[in-house]
Amino acid sequence: MLDRELVAEILAAARRKGGDFAEVFVEERSSTSIRLDDAKVEELTTGLDRGAGVRVAHGTTYGYAYSNRLDRDALLEAAAAASAALRGDAPGPVVDLTDRFGPGTNRAERAAGSLPAAEKVAWLREVDEVARVTSPEVIQVTGIYFDSLQRRLIAASDGRWIDEERPRIRLVAQVVAKRGDVIQTGWDGPAACAGIEFLDAHPPRVTAERAAKRAVAMLDSIPAPAGEMPVVVANGCGGVLFHEAVGHPLEADAVDKEASVYRGRVGERCASELIDGVDDATIANGWGSYDFDDEGEPSQRTELFREGVLQGFLQDRLRAAKMGVQPTGNGRRESYAHPPIVRMTNTNILPGKEDPDEVIRSTPKGVYVRGLGGGQVNPATGDFVFGVSEGYLIENGEVTTPVRGANLIGRAIEVMSAVDAVGSDFETWEGVCGKDGQGAPVGSGSPTLRISRITVGGTGA
Amino acid sequence: MPELGELVHAAVAAAEGDEQVEAYAEEGRQTEVSALRAEVEGMTFAESRGLGVRVIRDGRLGYAWAADPTLDEAQETVWRARDNAALAEPDEHNGLPDAQPFAPMPEIFREDSASVSADDKVRMALDLERYAVTRDPRVTKVDLAQVGDAVSRVAIASTTGVDVEYARTDAWAVVVTLAVEGDETQTGFSFSITRGLDVLSWEPVAEEAVDRAVAMLGASKPPTTKVPVVLDPFAASSFLGVLASAVNAENVLKGRSLFADMVGQQVGSAAFTLVDDGRRLDGPGACPFDSEGLPSGRTELFTGGMLNGFLHDTYTARRSGAGQPSTGNAKRGGYRSTPGVGTSNFFVDAGEVTFDELLAKADGGVLVREVSGVHSGANPISGEFSVGATGLRISGGATGEPLREMTIASTIPEMLKGVAGVGSDLRFFSSVGTPSILIGEMTLAGV
């Protein structure tokens, strides 16, 4: 995208005041998004994005400047602006830029860009048709198809030069069902860093059917109960909970700012001994996977909990250097328009030994959560909240009536310590996580889990 | 580098036959500085430009965008949008609006804001952090202390005669403090936005962030019960996104709004009035025209609890028929996205009751100061919600013990019916604003 000589010149300019390192991030991204709504293909958008960001860091202080102009003048201007954040006056060196190659974690077999848009449109029509025939109570269907190809160049003053391509694909079905005055919604949206072969394994009709069935099932729902009770979280959903409640406070920037409940607790038991948890960016074609992070650190599988004992934190370059540990490859950015920050990738609770059906059977009374709408955590206090998009009562060991308007609220360490059953099943969920104004595609996964006691917020008895 | 006006005119000039072409270009410069432990934590300079093009041909809509295009690339963007239109389905309601006169708003561009140098911004961020960590012995650190400002320009031109431009400046300060006592940590947030850093008073932001964190120390989890609730402006503003979605005409037309069949009905209590006003200068969302180039205006969505109508762009207005005009509410996330219905300054109109009078009416209830999880815990289609909350117990007309790890749950119509008082303390948070609001009764879940 840029030649090495120019990049070296920019890095040298960025190091005019020294600092620990300078880095250039260049990106070109082409994308297609198609939206079918109200039984019509409403919108087909193609975009071409490109830009570059220059970062200079000293300790945990950084300067960052970006531009979507890629000419020499604009890039040198960005280098000058970024370096203004530093106080030093001795220029730093730039090591010869040398290629580093990754294993090809996200290789696409069939590139989405090579497929005519008309075929992508046909998938959305299938979503609409399948969702509507699933039930006469389906009144509205939205189908969204998205693919992109991001090409990134990361070069830094320590000589790293990484050129990596990331293909992304996602197909989403959102369904609205209505009976009398009751309106409910259902959602499904598998995603991967892959080519169109991904949709062979996750066909549009299955996505449509799942979303439609969820919406229709919730039409029978009664208001959710309120108060503390046992909650069984279905496989897949527990990963979202783990990501939000536990993963965010394990990000080293929160730890460094003394804004994490896990600070100073590595080696301590901070979860039930049934909990083994990892953050793993090396999963082939995972939604949160890559060869190198957005600082050019190789991706890895990072152990977070072993039998409930905290193993360590998720690091970027700045925080790792300060804490005197190795980076874990968790420095990510939404685009060239954002400085990298510590982020999760694919965050999973590993499967346990229990039969998931038996977990439910051995719960006399509680709530079964099969869909979480996402949540929010305050890493400093550990307080978190999740909306339940699909939930049911458990009565005498059986999943019975659906409940609506529920959420789960608790504190990270208490709730993870209250897990008293872990199933042998496993499922993933893909989402986009927001932090500091940046969105990052993240995966999460889990087996079926039971939390012996957690507050359910609802309006019912 | 072409001017924005040149870019949009070049794109419109590439129109063919009787197709409609609209070009939207924007550029922005933004600086943000955050401070931590008396050092600069981060300093970000951003510069961006881009162009988005809508082509409507035989009722089919196509869109394409490009970052920082040349004049040739602006034309190519039109070609790509045209190709995309060929694959979309025709919709008779697709169409660009005819140009309408609008009154410029020079007030939203503050020339003097450019006089604040990068060094001044660094000093301001450092001062802000130092001030925040020296107010109270229990607050010695921040999670975030940041100041920022931005200059942005927008130009829109179309084959239907739209040819408009405007510029704006914005500046903000945000603080998140950490209050520590024993092994307990609590956080406090505050935020302020103005037209320029030269007129931004940041001390109150730090003070409020400190007060809000300290007040939460010692918080406990309350028992599950139904109580009167006062939502302060921070908490109340969190619900405005759900209301914005429900009064969006596109959602109404597509069966995705709980208000769809309620126009003319008394949905909320007489104390509840909800307004969108793009010309209100004290709101950060002020702008002379919307993302299709139509003049911004004032739309009263609820008056005394009665639902009057919805927010429209050109598409939803045409599709609604019956002479419905656009309310000037076409908005977009930037040049990368097509316009859709959105809000400008969207706020609950202030009442006449003071905050203390609201507290006096809520004895035994709870003052909710922060809600969390609204994006996942509130359903704008069914209107049900259950969200996390923190706040203070109300007794004898004053606030008392702090409460955490609780949820409040209800439905939007019940909450609106339950509005028993609206404060005079209207405050804008970005482009949404609200005063403190007393809700007669809500389910509060804890132990």
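A word on conventions. Residues are numbered from 1 along each chain as its sequence is written, and chains are lettered from A, with ligands numbered from 1, in the order in which they are written. As this is a predicted model, local features need pLDDT of at least 70 and side-chain atom pairs count only at pLDDT 80 or more, while totals for chains, interfaces and linings use all residues.

I begin with chain A as a whole. Its C-alpha trace spans about 70 × 55 × 35 Å along the principal axes. For 461 residues, a compact globule would have a radius of gyration near 23 Å, and the 23 Å of chain A agrees with that; the radius is taken over C-alpha atoms, and the rule is 2.2 Å times the number of residues to the power 0.38. Chain A has 10 helices and 24 strands. These are DSSP runs numbered from the N terminus, helices being H or I of at least four residues and strands being E of at least two.

Of the 461 residues of chain A, 60% count as buried. A residue is buried if 20 or more other C-beta atoms lie within 10 Å of its own, exposed if 12 or fewer, and partly exposed in between, with C-beta atoms placed from the backbone. Among the contacts in chain A with a separation of 6 or more, 76% come from residues 24 or more positions apart; a contact requires C-beta atoms, placed from the backbone, within 7 Å.

Let me turn to one sheet of chain A. It is an open sheet of six strands in the order 13-12-11-16-23-22, with mixed pairing; two strands pair if DSSP finds at least two bridges between them. Strand 13 (309-310) and strand 22 stand at the edges with a single partner strand each, so one side of each has no neighbour in the sheet. Strand 11 (residues 277-280) and strand 12 (residues 301-306) of chain A are antiparallel, with four bridges, and A:V278 has A:E303 in strand 12 as its bridge partner. Strand 16 (residues 346-349) of chain A pairs with strand 23 (residues 438-446) in the parallel sense over three bridges, where A:N346 is opposite A:G443. Strand 22 (residues 427-435) of chain A joins strand 23 in the antiparallel sense over nine bridges, and A:E427 is opposite A:S446. These two strands form a hairpin with two residues between them, and A:D436 in the turn has a positive phi of about 50°.

Next, the interface. How many residues of chain A are in contact with chain B? There are 67, and they meet 62 residues of chain B. On the side of chain A, the largest share, 12 residues, comes from strand 2 (residues 40-58). That side divides into 26 nonpolar, 27 polar and 14 charged residues. Here Ala, Val, Leu, Ile, Met, Phe, Trp, Tyr, Cys and Pro count as nonpolar, Asp, Glu, Lys and Arg as charged, and the others, Gly among them, as polar.

Strand pairing also crosses between the chains: strand 3 (residues 61-67) of chain A runs parallel to strand 2 (residues 39-57) of chain B, joined by six bridges. A:Y66 lies in strand 3 of chain A, and its bridge partner in strand 2 of chain B is B:A46. Is A:Y66 buried or exposed? A:Y66 counts as buried, because it has 28 C-beta neighbours inside 10 Å. Not counting residues up to four places away in sequence, A:Y66 touches A:G51, A:A52, A:G53, A:A78, A:Y336, A:A337 and B:A46.

Finally, chain B is divided into domain 1 (4-214) and domain 2 (219-447), with bounds from an automatic or database domain assignment. Their centres, taken over C-alpha atoms, are separated by 23 Å. Contacts link 33 residues of domain 1 to 24 residues of domain 2, and the domain 1 side divides into 19 nonpolar, eight polar and six charged residues.

The largest nonpolar core has 272 residues, and those with the most contacts inside it are B:A11, B:A23, B:L128 and B:V175. Such a core is a set of buried Ala, Val, Leu, Ile, Met, Phe, Trp, Tyr and Cys residues joined through C-beta atoms within 7 Å. Strand 5 (residues 163-181) of chain B gives the most to this core, nine residues. Both domains of chain B give residues to the core, so it lies between them.

Conventions: Contact = placed C-beta atoms within 7 Å.
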